[in-house]
Amino acid sequence: MKKIMGFVLCVIGLILLMGSIIAYLQADAMNSLQIVLNAAGAACFAFGAANLYDIYMKGSRKGMRYEIEEKDERNIMLREKASYLTLQITMLLIGAISVVSFAINALLPSLLCIGLLVLQPIFMALFQKYYSAKL
Amino acid sequence: MRNRIEELRKQKGLSQDGLAMALKVSRQTIGSLENERYNPSIQLAFRISRFFGVKIEDIFIYEEEIS
């Protein structure tokens, strides 16, 4: 099932990317349709290819080691620590972007960034509560 | 926490890679355990003790930290 989904996503992604190329050849400038086709095509293709790679790795002899590495408790702990640190750095960068946006009078990006900064601790508290109830 | 994993592994004539495959963990995890940089979960500790046929408390030596 996962294999079929991987193939289907790859094919859809390629069709969308080809549609984008055709749209580009028919119009001089990049229009919004091309941007949407490009983004959706690239996302579908990347997701499908990642799925197929995952299946290939798990099916091969090398895959056993790959699966062990994936499920290894130390690696999971490292990933969690790295994810948390990445989140902190991302939030700092978003904060810096919001300040710069505000300074150059770009109110919409500034408000979006501030919104993300406000939402982050709310999501954190909600997920903490969710996992606290589960564990 | 100190442990005797390296000593027990060598007694069995296993490489870090061999032990890692037997316990279904990465070789780096075995390295970290042997260097006492990482403390295993209770499940892994049980798997290690069953693999070597030794009681957990004979493998892992808990020493309370003096602050």
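## Salt bridges within chain B

In this predicted model, B:R4 is partly exposed, with a relative accessible area of 25%. B:R4 pairs with B:E7 in a salt bridge whose closest N and O atoms are 3.1 Å apart. B:E7 is likewise partly exposed, its relative accessible area being 40%.

A second salt bridge joins B:E34 to B:R9, with the closest N and O atoms 2.5 Å apart. B:E34 belongs to helix α3 of chain B and B:R9 to helix α1 of chain B, so the pair ties together parts that are 25 residues apart in sequence. Both B:E34 and B:R9 are buried. Over all chains, the count comes to five salt bridges.

## The salt bridge between the chains

One salt bridge is found across the interface of chain A and chain B. The side chains that meet in it are those of A:R65 and B:D17, at 3.0 Å from N to O. Because A:R65 lies in helix α3 of chain A and B:D17 in helix α2 of chain B, the pair joins two chains.

Both partners fall between the limits for buried (under 20%) and exposed (over 50%). A:R65 counts as partly exposed at 36% relative accessibility, and B:D17 is partly exposed with a relative accessible area of 28%.

## The interface of chain A and chain B

Nine residues from chain A and 12 residues from chain B make up the contact. About 970 Å² is buried between the two chains, and carbon and sulfur atoms give 51% of that area. On the side of chain A, the residues that lose the most area to chain B are A:I68, A:E73 and A:R74, which together account for 57% of what that side buries.

Six residue pairs are in polar contact across this interface, both residues being at pLDDT 80 or more. The elements of chain A that give two or more residues to the side touching chain B are α3 (61-71) and α4 (73-103). By class, that side of chain A has three nonpolar, one polar and five charged residues.

## The nonpolar core

The largest nonpolar core has 16 residues, of which B:I5, B:I30, B:L33, B:I48, B:F52 and B:I59 touch the most other members. The elements giving two or more residues to this core are α1 (5-11), α2 (16-23), α3 (27-34) and α4 (42-52) of chain B. Its largest share, four residues, comes from α4(B).

Leaving aside residues up to four places away in sequence, B:F52 touches B:I5, B:L8, B:R9, B:K12, B:L19 and B:I59. Among these contacts of B:F52 is B:R9, the buried partner of B:E34.

Conventions: Residues numbered from 1 in each chain as written. Chains lettered and ligands numbered in written order. Predicted model: local features only at pLDDT ≥ 70, side-chain atom pairs only at ≥ 80, totals over all residues. Heavy atoms only, no water. Contact = heavy atoms within 4.5 Å. Buried area = accessible area lost by both parts, 1.4 Å probe. Salt bridge = Lys/Arg side-chain N within 4 Å of Asp/Glu carboxyl O. Polar contact = N/O pair within 3.5 Å; in protein donor to acceptor, adjacent residues only side chain to side chain. Nonpolar A, V, L, I, M, F, W, Y, C, P; charged D, E, K, R; others polar. Core = buried A, V, L, I, M, F, W, Y, C linked by side-chain atoms within 4.5 Å. Buried < 20%, exposed > 50% of the residue type's maximum accessible area, 1.4 Å probe, protein only.
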